[in-house]
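I opened this model to see how the chain is put together. My notes follow in the order I looked things up.

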Amino acid sequence: MDRRTFLAYNALAAAPLATASLSKAAAAATRPEPVDFESNLPAPGTFPEKWICGSPSLMDNTDPPVQVHWYNEHTAILRQNKAYSYEAPFAPLYFGNDRVLLLDEGFVQLRNDWDLRAVVDQCIAEWCGRNGRDPASLELLVAFSHLHADHYAAVNQFADRPNTRYMGLTHEEMVGFWGMTNFPEERVTLDLGGREIWIWGSPGHVISEFAYYDTYTQILYTGDMFYRGRCYISFWEPWFDSMTRLIDFCDNNPVTHVMGCHVEISNTGQDYAYGVTWQPDEAPVQMTVQQLREAYDYAKTIKEPGIYFTGTVFLCNQTRGTTTIDRNPYAYS
């Protein structure tokens, strides 16, 4: 189902029968005033001083499998505990008046391993409680930045969830989900109900990849294409073109933070070895536009495969996927 079809679909049609039986007049009478997502922008928010970042002993880890941080009252950021997966991906959760968008679900499949769906449902229930809404009235969209398992593995947890739509696992389904006809240059708008998310192609780490910009917080989400750690670049020229699009976007639009999906680097620029499950002094997930510009300027000087440190991230240009820098240096001769 393409973007235009699923956005036009009546959210109540997929809701439980008791909700669907309400008349439109009754629903309108009981629904509170919509949240204003268009005034006084950007909406302020905060990142935590420290995220859950694993444990020296996995057997003794007592932290929850996922940390929920409310950036502001309408935006949550989830982060998987590294004790449950060394990937420890982040997953933004954006609330609008009609829909909720979950990006990058994390590296887990079964609900009895850890129940991401229950965590998301709890976040939705909390938001609805604060805003006088019925959780059944909100449609959940489950999407991801690109086709790697640590970003989509948990999508099956939502397969039987009512009032939910989720992105398919092929390039054609991903592009069709957003209604794109000119990937990667085309930029489309997702309306969550007064809150817009802008989406465009951002290939390079892999081919099927997207960037997301939230007009409410003005956070630019770059997934694995650019993040605090080892940016594995499979296709250099498409990646450089994607960086150019990001820079052009930042030249013409306000951006409060650039946010990737992982952290694999310390506050002092030390690379954490591939597969570690304890990062006690990790760098923050959020980056500045200036750090993005500095990485782009550095990328202009790269002429051959290898590993290059920009001061913020490691650009792993066509290197092996499990390359780490601190203990296993690697470069083409």
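**Entry 1: the chain overall**

I call a residue buried when its relative accessible area is under 20%. By that cut-off, 56% of the 333 residues of the protein chain count as buried. I keep in mind that this is a predicted model. I then looked up the secondary structure and found eight helices and 15 strands. I also checked how far apart in sequence the contacting residues are. Among contacts with a separation of 6 or more, 65% are between residues 24 or more positions apart.

Strand 8 and strand 9 run antiparallel and share five bridges. In that pair, I found Ile-199 bridged to Tyr-212 of strand 9.

I looked at the strand 11 and strand 15 pair in detail. These two strands are parallel, with four bridges. Arg-230 has Phe-314 of strand 15 as its bridge partner. Ile-233 stands opposite Asn-317 in strand 15.

Then I checked the side chains. In a regular strand, side chains alternate between the two faces of the sheet. In strand 11, Arg-230 and Tyr-232 point one way, while Cys-231 and Ile-233 point the other way. I noted that all four are buried, the arginine included.

**Entry 2: the nonpolar cores**

I went to the largest nonpolar core, which has 34 residues. Which of them touch the most other members? They are Phe-226 and Met-243. I listed the elements that each supply at least two residues of this core: strand 8 (196-201), strand 9 (210-214), strand 11 (230-233), helix 7 (236-252), helix 8 (289-299) and strand 15 (314-317). Helix 7 gives the largest share, seven residues.

I then selected Phe-226 and left out residues up to four places away in sequence. It touches Cys-231, Met-243, Val-258, Gly-260, Met-287, Gln-291, Leu-292, Ala-295 and Val-313.

**Entry 3: helix 7 against helix 8**

I describe two packed helices by the angle and the distance between their axes. The axes of helix 7 and helix 8 come within 10 Å and cross at roughly 140°. The crossing is left-handed.

I wrote down who meets whom. Helix 7 brings Trp-236, Trp-239, Phe-240, Met-243, Thr-244, Leu-246, Ile-247, Cys-250 and Asp-251. Helix 8 brings Val-289, Leu-292, Arg-293, Ala-295, Tyr-296 and Ala-299. By class, this contact holds twelve nonpolar residues, one polar and two charged.

I finished with two residues in loops.

Where is Asn-81? I found it in the loop between strand 2 (75-80) and strand 3 (90-95). Is Asn-81 buried or exposed? Its relative accessible area is 0%, so Asn-81 is buried. Leaving out residues up to four places away in sequence, Asn-81 touches Ile-52, Gly-54, Asn-61, Asp-63, Pro-64, Pro-65 and Val-66.

Arg-31 is in the loop between helix 3 (24-30) and strand 1 (66-72). Its relative accessible area is 36%, so Arg-31 is partly exposed. With the four places on either side in sequence left out, Arg-31 touches Asn-97, Asp-98 and Arg-133. I checked the C-alpha to C-alpha distance from Arg-31 to Arg-133. It is 6.9 Å, and the two residues are 102 residues apart in sequence.

Terms used: Residues are numbered from 1 along each chain as its sequence is written. This is a predicted model: local features need pLDDT of at least 70, side-chain atom pairs count only at pLDDT 80 or more; totals for chains, interfaces and linings use all residues. Side-chain values use heavy atoms; hydrogens and water are left out. A nonpolar core is a set of buried Ala, Val, Leu, Ile, Met, Phe, Trp, Tyr and Cys residues joined through side-chain atoms within 4.5 Å. Buried means under 20% relative accessible area, exposed over 50%, partly exposed in between (1.4 Å probe, protein chains only). Contact means heavy atoms within 4.5 Å. Two strands pair if DSSP finds at least two bridges between them. Axes are lines fitted to C-alpha atoms, for helices over the stretch in contact, and angles run from 0 to 180 degrees between N-to-C directions. A crossing is left-handed if the near helix is turned anticlockwise from the far one by less than a right angle, and right-handed if clockwise. Ala, Val, Leu, Ile, Met, Phe, Trp, Tyr, Cys and Pro count as nonpolar, Asp, Glu, Lys and Arg as charged, and the others, Gly among them, as polar.
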